[in-house]
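Work through the exercises below with the sequence and the model open. Each task is followed by a solution in steps.

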There are 2 protein chains.
Amino acid sequence: MNGKLTPISFSEKFSNFSEQWSPKVIAEMNDYQFKLVRLEGDFVWHQHENTDETFIVLEGSIAIDFEDATVELEAGQLLVVPRGVMHRPRAASEAKVLLVEPRGVINTGQADSALTAPIDRWI
Amino acid sequence: MNGKLTPISFSEKFSNFSEQWSPKVIAEMNDYQFKLVRLEGDFVWHQHENTDETFIVLEGSIAIDFEDATVELEAGQLLVVPRGVMHRPRAASEAKVLLVEPRGVINTGQADSALTAPIDRWI
């Protein structure tokens, strides 16, 4: 149990990787995961058929395009993208984001993309 | 859907309440909730039998006492308290915390306490 009871620092975890669009797992709660990701540029349009997905911006700002709107998110803001809703995250300059979603979610959802990242990469 | 696709600002939501130890729901992801809470002083010893519970410190610092250790957490840090583990959050001065846990979790767990807060209080 002691290993689990260590505080997890976002900034320390971010210092361990520089890849963008490649979510890294930092903690699990029940069957949900907390993942850190660096975003820059445009991601692919995709959706997650079976789950909502939470974005919490820790540093910088991002936009999430939806089919009929764009939501701008800055540090200290949260957005839950509902399941089955097409969306495209993007960031004009590098932003740091905390994702919360069930274990096993693939970053590009249903989309076949070069940006598909491996799941369950812990740092 | 549009109502859901509005960014949720932690600081704006905190400006809507001043009570301590009374988690306010700001968003739901599947059957999980994100709750903001102001902590100051000592909470009660308690545990949540059926679920892990995540603490993310947004401002200030807190301590969480366990039966055999104390974990200090500051802004930008996260801790998952495993299910069934007795713990007591406390804060020397007011701290602002984001909790992530399944819908319906009672703040004092199994403990019978004057600090038991109503669930599902949205702000």
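**Exercise 1. Which residues have the most contacts inside the largest nonpolar core?**

Solution. A nonpolar core is a set of buried Ala, Val, Leu, Ile, Met, Phe, Trp, Tyr and Cys residues joined through C-beta atoms within 7 Å. A residue is buried if 20 or more other C-beta atoms lie within 10 Å of its own, exposed if 12 or fewer, and partly exposed in between, with C-beta atoms placed from the backbone. In this predicted model, local features need pLDDT of at least 70 and side-chain atom pairs count only at pLDDT 80 or more, while totals for chains, interfaces and linings use all residues. Residues are numbered from 1 along each chain as its sequence is written, and chains are lettered from A and ligands numbered from 1 in the order in which they are written.

The largest core has 54 residues, and Phe55(A), Val97(A), Phe55(B) and Val97(B) have the most contacts inside it. Beyond four places in sequence, the contacts of Phe55(A) (C-beta atoms, placed from the backbone, within 7 Å) include Ile64(A), Leu73(A), Val97(A) and Leu99(A).

**Exercise 2. Is Leu39(A) buried or exposed?**

Solution. Leu39(A) lies in strand β3 (residues 32-42) of chain A. Leu39(A) is buried because 23 other C-beta atoms lie within 10 Å. Among the residues it touches, beyond four places in sequence, are Trp21(A), Ile62(A) and Val97(A).

**Exercise 3. Describe how chains A and B meet.**

Solution. Step 1: 28 residues of chain A contact 28 residues of chain B. On the chain A side, β7(A) gives the most, with 4 residues. By class, that side has 18 nonpolar, 7 polar and 3 charged residues. Ala, Val, Leu, Ile, Met, Phe, Trp, Tyr, Cys and Pro count as nonpolar, Asp, Glu, Lys and Arg as charged, and the others, Gly among them, as polar.

Step 1: β7(A) and β1(B) (residues 8-9) run antiparallel, joined by 2 bridges, with Gln77(A) opposite Ser9(B).

Methods
Two residues are in contact if their C-beta atoms, placed from the backbone, lie within 7 Å. Two strands pair if DSSP finds at least two bridges between them.
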